[in-house]
Amino acid sequence: MNFNNQIWVSGKIEPGDFYAKFTGRFSELMQTSKERSQWTVFFNSRGGDTETTLGVYDLLVNCRRKLVGIVAGTAQSGASVVLQACHRRIMTPNSTLMLHLSSVQISGAVEDVQKALDKFRCLDEKFIEIYAKRMKRTRNEMDVIMRRVDCHLNPQEALGLGLIDEIWNSRVF
């Protein structure tokens, strides 16, 4: 495996420092690597901001590089969504994956709260579509899985559901 082109999804996925570092490295790799070259995307993140998560996912899924995602630690919430942008998804034996629907705290006028809830329902739908496509599951099957509160998975469970392709071992590389 080529570890020359590395990028990291670590810490909280959010606008600001994470996004600046991620997009800086992304831009650097886009300039220095050829189409269809391999990148290794390392994951150790508890997720974060929903919109930033989808932005990172969009950058990776459309970058025309062969992405190998390696979860070494955890890929929770939005990080598990970003992992789905990778062509090959691997977890180390002691890693965890977690998926869930959005959790929000909203206050304000009823109309504003309703608009915010509608927005998050729409974002949840995007997450469900991404998972369903990679897992080769129907929308209804994903609905059942996603309705479980904070669905924590070990590598064997994630593999069984189709969220990853392999569990890291000496034969993987």
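Trainee: Which elements do the buried residues of α4 pack against?
Mentor: They pack against α2, α3, β5 (96–99), α5 and α6 (155–161). Keep in mind that this is a predicted model.

Trainee: OK, and which residues of α4 are the buried ones?
Mentor: V113, A116, L123, D124, F127, I128, I130, Y131, A132 and M135.

Trainee: How far does α4 reach from its first C-alpha to its last?
Mentor: It reaches 37 Å with 26 residues, close to the 38 Å expected at 1.5 Å a residue. Just after α4, K136 takes a positive phi of about 55 degrees.

Trainee: Where else is there a positive phi on something that is not a glycine?
Mentor: R36 has one of about 70 degrees, and S77 has one of about 55 degrees. For background, most residues other than glycine have a negative phi.

Trainee: Where do R36 and S77 sit?
Mentor: R36 is in the loop between α1 (17–32) and β2 (38–48). S77 is in the loop between β3 (66–76) and α3 (78–83).

Trainee: And is R36 buried or exposed? What about S77, buried or exposed?
Mentor: R36 counts as exposed because its relative accessible area is 68%. S77 has a relative accessible area of 12%, so that one counts as buried.

Trainee: Switching to confidence: what pLDDT does the protein average?
Mentor: The average is 91, and 96% of the residues score at least 70.

Trainee: Which element has the lowest mean pLDDT?
Mentor: Helix α5 (residues 139–146), with a mean of 84. At the other end, strand β4 (residues 88–91) has the highest, 98.

Trainee: Let's do α2. What span should its 12 residues have, and how far apart are its end C-alpha atoms?
Mentor: At 1.5 Å a residue, helix α2 (residues 50–61) should span 16 Å, and its end C-alpha atoms are 16 Å apart, so the two agree.

Trainee: What caps the N-terminal end of α2?
Mentor: D49 does: one of its side-chain oxygens lies 3.4 Å from the backbone nitrogen of E51.

Trainee: Which residues of α2 are buried, and what do they pack against?
Mentor: The buried ones are T50, T52, T53, L54, V56, Y57 and L60. Their packing partners are β1 (6–13), α1, β2, β3, α3 and α4 (110–135).

Trainee: How many residues are in the largest nonpolar core?
Mentor: There are 45, and V9, F43, L60, Y131 and L163 have the most contacts inside that core. α4 gives the most to this core, with 7 residues.

Trainee: What is F43 in contact with, leaving aside neighbours within four places in sequence?
Mentor: V9, G69, I70, V71, A72, G73, T74, A75, A79, V82, L83 and C86.

Trainee: C86 is a cysteine, so that brings me to sulfurs. How many disulfides does a search of the whole structure find?
Mentor: The search finds 0.

Trainee: Another one: where is N5, and is it buried or exposed?
Mentor: N5 is in the segment before β1. Its relative accessible area is 14%, so N5 is buried.

Trainee: What does N5 touch beyond residues up to four places away in sequence?
Mentor: R25, L29, S33, S37, Q38, W39 and T40. With Q38, the backbone oxygen lies 3.1 Å from a polar atom of the N5 side chain.

Trainee: Last one, I106: where does it lie, and what is it in contact with away from its sequence neighbours?
Mentor: I106 lies in the loop between β5 and α4. Leaving aside neighbours within four places, I106 is in contact with V113, A116 and L117. The C-alpha atoms of I106 and L117 are separated by 8.4 Å, and these residues are 11 residues apart along the chain. I106 is partly exposed, with a relative accessible area of 32%.

Technical notes: Residues numbered from 1 in each chain as written. Predicted model: local features only at pLDDT ≥ 70, side-chain atom pairs only at ≥ 80, totals over all residues. Heavy atoms only, no water. Helix = DSSP H or I, 4+ residues; strand = E, 2+ residues; numbered from the N terminus. Buried < 20%, exposed > 50% of the residue type's maximum accessible area, 1.4 Å probe, protein only. Expected span 1.5 Å × (residues − 1). Contact = heavy atoms within 4.5 Å. Polar contact = N/O pair within 3.5 Å; in protein donor to acceptor, adjacent residues only side chain to side chain. pLDDT = per-residue confidence, 0-100. Core = buried A, V, L, I, M, F, W, Y, C linked by side-chain atoms within 4.5 Å. Disulfide = S-S within 2.5 Å.
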